[in-house]
Amino acid sequence: MRIFMVTLLMLAGSLRAEETDVLVYGATPAGIAAAIASARDGQDVLLVEPTARIGGLMTHGLSHTDFRTFEGLNGAFLEFARRVETHYATTYGSDSEQAKASFRGTHFEPKVALLIFNQMLAEYPRVKVQPGRALHEVRLRRDAATKRIESVVLRDAQGRPHVVKARCFIDATYEGDLMAAAGVKYHVGREARAQYGESLAPEQEDRQLQAYNFRLTMTQDPSNRVTPKAPAGYQRNDYTGVLPLLADGRIAKVFDYPGKCVFKAHLPRLPNAKYDINDVSRGLVRLSLPGENGGWPDGNAATRQQIFDHHLRWNVGLLYFLQNDDAVPARFRDEARSWGWCQDEFTETGHLPPQVYVREARRMVGQYVFTEKDTDHAPGDARAVWQRDAIAMGDYGPNCHGTAHEGSRFGGAHTGEFYKGVMPYQIPYGVLVPRDVENLLVPGAVSSSHVGFCALRLEPIWMSLGQAAGHAASVAVKEKLPVQKVPPAGLQRRLHALGAATLYVSDVPPGNPDFVLVQWWGTAGGLHGLAPMPAKPGQRGKNITSQYYEVYPHHAVELDRVLDAGLAKRWSALASQLGLNPQSLLPADGKLTRRDWLRQAWSLRR
């Protein structure tokens, strides 16, 4: 093996390098958004995926995405969702069950997510997709203060090396593999509460990670149902501990939502009678295995494969036991048998997703570390703290599925779980930027504390971060700038023009004629202070279903409202700070609307 590796390195050193403007490593949703953004800006992009299937978790079973409000969806993810909705409407009819079940395109079958991502990429010939190539080596140029990635060595499925040079690199993996290989500082585990002053952090630092499990795509439709088989290494005795919970009623059903069940069958269901099966938060029996994934972040391929196999054996073996073991009461066994894999999903891998749900791995320690405090209210304000350099936004609070387990797997409890309701928050550019590598951006293993990451780790947000990284990489290439010097203001203008939000505004969505000017003004700080902090911090609107809600209150700009003198004074002061001539602004005369004033301010920009 050592002789082979030496030979491989010698061969890599003699190979002629492939060259591109931007290399994106990891064809996750963030990576796809990054590649498309750079290509839109005119760059040649190489999108490298170490596995055989692009799309990350959104094509591997995570088929309903976490967000709070439709009004918070924007940019790359909103484009994806609209294409999903159009696919179902075109294929089955706009009033079909499938179109309705897509929940405006945010709920989808894994195969449809894969189809849409491939269609989106196909529209950009400048993006060259290379699946099945894994990172082997990063070659750096160093000086006294900074580092620069010159090239990377990739290995294909046959172990052959491929050298790629790029002017800018983007690490969009969940694990931060490229970042780590480049020597960027990162953290694994939870910080102590005192480090960032976070109320949700532990007292002492530790190496605990959010637990992993599979997002299983299943159905009860007999025409599309595949009967599960026992996984490799199945041992009956691993699962007999569930029997007392079935007997005494602590488990009422095998599949249900939200509690007293083993498998979380999320409602509403996906199109074509499919379900995204997940771990049951605070349940008595869990699919996730905290503490048994600690070797994943820094592990090599063999270590990760062992962890993958262990989780697959537990998740599938538990189902097989409940479906087939004679000791399981008949009513539970019959219910479990009504479920199976989907015949038309994951056909190359036995109808099981080939990626495990990596909720957390490495996290970069970059120019700006996003923490719990970045999701808090601004003092006395309905809005979260203002971020002048925001390049994305989120509306889902910090949420952790557990980092350790106490007691038996049957009836014990995960520890480290939390959820905090927050206002929609802004995410600054610095979370993407390493401190000392001048041509690398990291939208996946983003710079954040454990608590902060538990808010950012959602695919709609990751796609926003990837889109911002792609545009920032393009600026860095065009202007020959280190990524640390890319001006956030210019990046914001590009994002806003493409319908990407940097601030939550409930009544001016992407596509609205005033979206760009409202995002400009709000990101400059003009919409903070419009409403005081509510009596209940983190107050949400009316529940629609499950985790989805109507608009957050107090986050509308109300463009048709008459501009009062007090607000006009504040806005004029801000306009002056932005370099606008306050003497040219229309006065508040009791008739002038906020829209009229903002449109004129927009027209005065230099």
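**Entry 1: the largest cavity**

Which helix supplies the largest share of the lining of the largest cavity? I looked it up, and H12 does, with three residues.

Before going on, I noted that this is a predicted model, where local features need pLDDT of at least 70 and side-chain atom pairs count only at pLDDT 80 or more, while totals for chains, interfaces and linings use all residues. Residues are numbered from 1 along each chain as its sequence is written, and side-chain values use heavy atoms, with hydrogens and water left out.

I also wrote down the rules for holes. On a 1 Å grid over the protein atoms alone, a cavity is a set of points where a 1.4 Å probe fits but cannot get out; a pocket is an open set with protein on both sides within 12 Å along at least five of seven lines; lining residues have an atom within 4 Å of a point. Grid points are joined across faces, edges and corners, and a volume is the space filled by probe spheres set on the points.

My search of the whole structure turned up six cavities of 30 Å³ or more. The largest cavity holds about 110 Å³ of space. I found 14 residues lining the largest cavity, with Gly72, Leu73, Met393, Pro460 and Ile461 nearest its centre. Strand S15 (390-394) and helix H12 (459-479) each give at least two residues to that lining. Helices (H or I, at least four residues) and strands (E, at least two) are DSSP runs, numbered from the N terminus.

I sorted the lining of the largest cavity into eight nonpolar, four polar and two charged residues. For this, Ala, Val, Leu, Ile, Met, Phe, Trp, Tyr, Cys and Pro count as nonpolar, Asp, Glu, Lys and Arg as charged, and the others, Gly among them, as polar.

**Entry 2: the largest pocket**

I then turned to the largest pocket, which has a volume of about 1200 Å³. Its lining has 42 residues, and those closest to its centre are Pro50, Thr51, Ala134, Ala301 and Arg304. Strand S4 (134-142), helix H6 (177-181) and helix H9 (301-324) each bring at least two residues to this lining. The largest share comes from H9, with four residues. By type, I got 17 nonpolar, 14 polar and 11 charged residues in the lining of the largest pocket.

**Entry 3: the whole protein**

I listed 16 helices and 23 strands in the protein. Its C-alpha trace spans about 85 × 60 × 55 Å along the principal axes. I checked the radius of gyration (taken over C-alpha atoms; the globule rule is 2.2 Å times the number of residues to the power 0.38). With 606 residues, a compact globule would come out near 25 Å, and the protein has 25 Å, which agrees.

I noted that 58% of the 606 residues count as buried. Buried means under 20% relative accessible area, exposed over 50%, and partly exposed in between (1.4 Å probe, protein chains only).

**Entry 4: cysteines**

How many disulfides does the structure hold? I found zero, a disulfide being a pair of cysteine sulfur atoms within 2.5 Å. The closest cysteine sulfur to that of cysteine 454 is in cysteine 400, 4.3 Å away, so it is too far for a bond. Cysteine 454 is buried, at 0% relative accessible area, and cysteine 168 is buried at 0% too.

**Entry 5: two buried residues**

Histidine 528 sits in the loop between helix H14 (515-523) and strand S22 (543-545). I read a relative accessible area of 9%, so histidine 528 is buried. Histidine 528 and arginine 383 are 145 residues apart in sequence but 6.4 Å apart in space, C-alpha to C-alpha.

Tyrosine 548 lies in strand S23 (residues 548-549) and is buried at 0%. Leaving aside neighbours within four places in sequence, tyrosine 548 is in contact (heavy atoms within 4.5 Å) with residues including His64, Phe67 and His266.

Most residues other than glycine have a negative phi, and most peptide bonds are trans. I found a cis peptide bond joining tyrosine 257 and proline 258, with omega about 5 degrees. Phenylalanine 346 has a positive phi, near 50 degrees, and is buried at 3% relative accessibility. Histidine 554 has a positive phi near 70 degrees, and at 43% relative accessibility it counts as partly exposed.
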